[in-house]
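Morning, everyone. I have one protein to show you today. Please look at the screen.

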Amino acid sequence: MTGRVAGAARQAWRLLGRRGVSLLFVGMLGLVLAASLTVLPPGQMAAYTALAALAPLPVWASAWMVSALLCWFQAFRRQDRIAFATATAMWWLYGIAYLLGVVNGLNPRGWVGGLIWLAFGGWLNLIATWPEAPPAPAGPVREE
């Protein structure tokens, strides 16, 4: 059973490539962020004051959801630039929102999160420049 799972994972990796797998991962994170903004426990709103000052949290949640779904859809397609551009913009926008919270005093420790969001957006932008590796041969290669 474990061999089948590993074989299926290798096959999926070959079909999706590094860029597609990266988009699936970023899409998963986007869905988690959307859910976290949708269901806030009582007393947690203070942590999101800076974000809510720029746009209502349901708007942020919707933007993360759209970005995530776009990443998942384009992970399986050859043309994935729109997903990478949208996701990178979301990560950078979130980072800038956190840094604005520092500047206007709504989130004094927001610089930590802001720098993390911006760094992740930069990493995602770097992945967007990777050429996709050529597909691996289907079977073992024999030398003659």
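Let's start with Leu51. Set aside its neighbours within four places in sequence, and Leu51 is in contact with Leu37, Leu57, Trp60, Tyr94, Ala97 and Tyr98. Keep in mind that this is a predicted model.

Now step back. The protein has five helices and zero strands. From the N terminus on, the order reads α-α-α-α-α. There are 144 residues, and 33% of them are buried. The accessible surface comes to about 9,100 Å². Carbon and sulfur atoms account for 69% of that surface.

What about contacts along the chain? Take the contacts with a separation of 6 or more. Residues 24 or more positions apart account for 69% of those.

Back to the middle of the picture. The largest nonpolar core has 27 residues. Which of them touch the most other members? They are Leu37, Leu51, Trp60, Trp64, Trp91 and Tyr94. H4 gives the largest share, eight residues.

So look at H4. This helix covers residues 81-103, which is 23 residues. From its first C-alpha to its last, H4 reaches 32 Å, close to the 33 Å expected at 1.5 Å a residue. An α-helix has 3.6 residues a turn, so residues three or four places apart point the same way. Just after H4 comes Gly105, with a positive phi of about 85°.

Arg19 sits in helix H1. Is Arg19 buried or exposed? Arg19 counts as buried because its relative accessibility is 6%, and the cut-off for buried is under 20%. Who are its partners? The side chain of Arg19 makes a polar contact with the side chain of Asp80, at 2.6 Å. A polar atom of the Arg19 side chain also lies 2.7 Å from the backbone oxygen of Trp130. Beyond four places in sequence, Arg19 touches several residues, including Phe84, Ile127 and Glu132.

Last stop, Ala63. Ala63 lies in helix H3, residues 57-74. At 26% relative accessibility, Ala63 counts as partly exposed.

Note on methods. Residues are numbered from 1 along each chain as its sequence is written. This is a predicted model: local features need pLDDT of at least 70, side-chain atom pairs count only at pLDDT 80 or more; totals for chains, interfaces and linings use all residues. Side-chain values use heavy atoms; hydrogens and water are left out. Helices (H or I, at least four residues) and strands (E, at least two) are DSSP runs, numbered from the N terminus. Buried means under 20% relative accessible area, exposed over 50%, partly exposed in between (1.4 Å probe, protein chains only). Contact means heavy atoms within 4.5 Å. Accessible areas come from the Shrake-Rupley method with a 1.4 Å probe; for residues, only the protein chains shown count as cover. The expected span of a helix is 1.5 Å times one less than its number of residues. A nonpolar core is a set of buried Ala, Val, Leu, Ile, Met, Phe, Trp, Tyr and Cys residues joined through side-chain atoms within 4.5 Å. A polar contact is a pair of N or O atoms within 3.5 Å; within protein, one must be able to donate a hydrogen and the other to accept it, and residues adjacent in sequence count only if both atoms are side-chain atoms.
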